[in-house]
Amino acid sequence: MIASQSEKQREIERSIIKTYRKSIWRPFTRALKEYELIKDGDKIAVCISGGKDSMLMAKCMQEIRRHGLMDFELVFLCMDPGYAPENRQLIEDNADLLGIPLTIFESQIFDAVADIEQNPCYLCARMRRGHLYANAKERGCNKIALGHHFNDVIETILMGMLYSAKVETMMPKLHSQNFEGMELIRPMYLVPEDAIKSWRDHHDLHFLRCACRMTEAIGLANDEDQPSKREEVKRLIAELKKTNPHVDTNIYNSVRNINLGTVIGYHKDDWSYSFLDDYDS
């Protein structure tokens with residue numbers, strides 16, 4: 001049994017470099033290089049939620065440390081915000097299968113947001129991130145890594161435009177405003193979700209769908225079972241790709257190629273600009 005599990009772990013690791021070299025490994029390493037996400041001397045808390053994205057991120061981070069040229073440390077950090085026992089066990093079993101040395105700490109975030117009616121998901125996400133920053137800093141880390149992927153990025157762009165009347169995106173890295181000296185990085189920034197699902201299914205792996213009490217009862221349910229604004233946008237992009245297969249990369253590139261001379265206005269922090277400010281000059 002031990003030998004079989006060890007062999008499966010090696011097979012999973014090899015597939016990232018070989019089978020999924022084009023769809024996972026290259027986008028992963030491209031994001032690290034293009035956005036300078038890892039530097040010599042970093043100590044990075046790789047944050048594990050129990051889902052497919054963070055678990056694959058953990059394996060990719062192990063691989064880049066094993067084969068890369070940079071000198072950095074990794075801590076694999078998992079917060080239990082109040083999971084059902086079977087869901088926590090699933091996370092621990094998957095970590096053991098994948099060879100991820102988890103450090104688990106507990107919080108009571110699910111209880112804290114259980115009775116919140118207005119934007120409970122937003123509050124829960126902020127609280128979880130705060131706990132991760134604090135715990136990572138206590139362990140001497142200067143960065144936390146989250147598992148957001150390429151589809152999260154482009155969906156966020158469209159969601160901002162359609163529902164918040166803003167042009168903005170999920171950044172590949174951010175300085176923490178509340179924890180001095182800490183950064184958030186997103187190593188999976190350019191990795192498409194379809195590739196992550198393919199890797200998961202290729203190895204017959206089963207992960208938590210969501211780190212949320214509202215969905216933990218369905219545990220391994222399909223992503224489509226919980227409708228949301230993000231799911232609406234995900235379906236919209238899928239529909240658009242039927243006639244334009246490059247629509248996802250075009251959405252991404254739209255926030256890399258903004259021509260400020262062709263927008264009505266923009267702002268940064270408290271400063272704002274209107275095209276009328278220098279229209280007649």
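Here are some questions and answers about this predicted model.

Me: Is Asp 42 buried or exposed?
Reply: Asp 42 sits in the loop between α2 (21-34) and β1 (43-48). Its relative accessibility is 5%. Buried means under 20%, so Asp 42 counts as buried.

Me: Which side chain makes a polar contact with the side chain of Asp 42?
Reply: Asp 42 touches Leu 37, Asp 71, Phe 72, Glu 73, Asn 142 and Lys 143, leaving aside residues up to four places away in sequence. A polar atom of the Asp 42 side chain also lies 2.7 Å from the backbone nitrogen of Lys 39. The side-chain partner in a polar contact, at 2.9 Å, is Asn 142.

Me: How are α7 and α10 oriented to each other?
Reply: Two packed helices are described by the angle between their axes and the distance between the axes. For α7 (residues 150-164) and α10 (residues 229-241), the axes are 9 Å apart and the angle is about 105°. Angles of 65 to 115 degrees count as roughly perpendicular, so α7 and α10 are roughly perpendicular.

Me: How many residues of the contact of α7 with α10 are nonpolar?
Reply: The α7 side includes Ile 154, Leu 158 and Met 159, while the α10 side includes Val 233, Leu 236 and Ile 237. The contact also has one polar and six charged residues, and the nonpolar ones number eight.

Technical notes: Residues are numbered from 1 along each chain as its sequence is written. This is a predicted model: local features need pLDDT of at least 70, side-chain atom pairs count only at pLDDT 80 or more; totals for chains, interfaces and linings use all residues. Side-chain values use heavy atoms; hydrogens and water are left out. Helices (H or I, at least four residues) and strands (E, at least two) are DSSP runs, numbered from the N terminus. Buried means under 20% relative accessible area, exposed over 50%, partly exposed in between (1.4 Å probe, protein chains only). A polar contact is a pair of N or O atoms within 3.5 Å; within protein, one must be able to donate a hydrogen and the other to accept it, and residues adjacent in sequence count only if both atoms are side-chain atoms. Contact means heavy atoms within 4.5 Å. Axes are lines fitted to C-alpha atoms, for helices over the stretch in contact, and angles run from 0 to 180 degrees between N-to-C directions. Angles under 35 degrees count as roughly parallel, over 145 as roughly antiparallel, 65 to 115 as roughly perpendicular and the rest as oblique. Ala, Val, Leu, Ile, Met, Phe, Trp, Tyr, Cys and Pro count as nonpolar, Asp, Glu, Lys and Arg as charged, and the others, Gly among them, as polar.
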